[in-house]
Amino acid sequence: MVFKRRDRRTPVQIASEFVYPRGGWTRAFHYVKHRVRRLPDSPERIARGIGAGVFAAFTPFYGVHFFIAAFGARLINGNILAALSGTFFGNPLTYVPIGVICLQSGHFLLGTEFDEGDKRSFLGKFADAAGDLKDNTIALFTSREADWHDLGVFYDEVFYPYMIGGIIPGLVAAAICYYLSVPVIRAYQQRRRAKIKAKFDAIRKKAEAEADPLSKAD
């Protein structure tokens, strides 16, 4: 295949590059920014798409942020490709602060609080929920009795508060990114159009200059 990687990555390399991409997160950010600016669409639609992607990053539906961003972009008439790029607002460097903000906001709005006490920590509840899913999946094919207690605790203390608490911070972050993106994208597009026009003008003048001696000779 023409576009097949020559150096096959191991699972460890794939995982490590997800946490810290080759070239660093700064390079990855500038690459995404460059691709978004070059999208052939209006600044407003691109910015709405970015906002939809940023909002999706504040939802607890990890693994399907792309689908949520694309659906949100369709609802608000935003650029879908920009929405997919906007989901990179959520990355291993921002997942922790986003999670803390969403959980605290959710428990505040629901009038509850995250119960660590003698029970498991935040990451422990994730592990317990994953264990429940694994054990209960095995129980479907064996005589083992299913037990959804840990998954219920995870839903009540983590997932549901995260989902509710992510709405307001997600909307605020999306709105900020929208209003910051519009003038930047518009300026970039205008500058790019001016450069393209200047190149065509230079080509046209060069062609006219080369054609003049021929016309005089006739």
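Guide: What follows is a set of questions on a predicted model, each answered in turn.

Visitor: Which residues of the largest nonpolar core touch the most other members?

Guide: This core has 16 residues. Helix 3 (43-56), helix 6 (95-110), helix 8 (149-165) and helix 9 (167-217) each give two or more residues to this core. The members with the most contacts to other members are Ile50, Val54 and Phe58.

Visitor: Which helix gives the largest share of this core?

Guide: In soluble globular proteins, nonpolar side chains tend to be buried together. In the largest core here, which has 16 residues, the largest share is four residues, and the helix that gives them is helix 8.

Visitor: Which cysteine does Phe58 touch, leaving out residues up to four places away in sequence?

Guide: Among the contacts of Phe58 are Phe89, Ile98, Tyr162 and Pro169.

Visitor: How many disulfides does the structure hold?

Guide: A disulfide would need a pair of cysteine sulfur atoms within 2.5 Å. The number of disulfides in the structure is zero.

Visitor: Within what arc do the buried residues of helix 6 fall, seen down its axis?

Guide: The buried residues of helix 6 are Ile98, Gly99, Cys102, Leu103, Gly106 and His107. They line one face of the helix, because the arc that holds them, seen down the axis, is 145°.

Visitor: Which residues are exposed on the other side of helix 6?

Guide: Helix 6 has 16 residues and reaches 22 Å from its first C-alpha to its last, close to the 22 Å expected. Exposed means over 50% relative accessible area. On the other side of helix 6, the residues that are exposed are Gln104 and Phe108.

Visitor: Is Asn91 buried or exposed?

Guide: Asn91 lies in the loop between helix 5 (80-86) and helix 6. A polar atom of its side chain lies 3.0 Å from the backbone oxygen of Phe88. The relative accessible area of Asn91 is 10%, under the 20% cut-off, so Asn91 is buried.

Visitor: What is the phi of Asn77?

Guide: Asn77 is found in the loop between helix 4 (65-75) and helix 5, and is partly exposed at 45% relative accessible area. Most residues other than glycine have a negative phi. For Asn77, phi is positive, near 55°.

Conventions: Residues are numbered from 1 along each chain as its sequence is written. This is a predicted model: local features need pLDDT of at least 70, side-chain atom pairs count only at pLDDT 80 or more; totals for chains, interfaces and linings use all residues. Side-chain values use heavy atoms; hydrogens and water are left out. A nonpolar core is a set of buried Ala, Val, Leu, Ile, Met, Phe, Trp, Tyr and Cys residues joined through side-chain atoms within 4.5 Å. Buried means under 20% relative accessible area, exposed over 50%, partly exposed in between (1.4 Å probe, protein chains only). Contact means heavy atoms within 4.5 Å. A polar contact is a pair of N or O atoms within 3.5 Å; within protein, one must be able to donate a hydrogen and the other to accept it, and residues adjacent in sequence count only if both atoms are side-chain atoms. The expected span of a helix is 1.5 Å times one less than its number of residues. The arc is that of the directions from the helix axis to the C-beta atoms.
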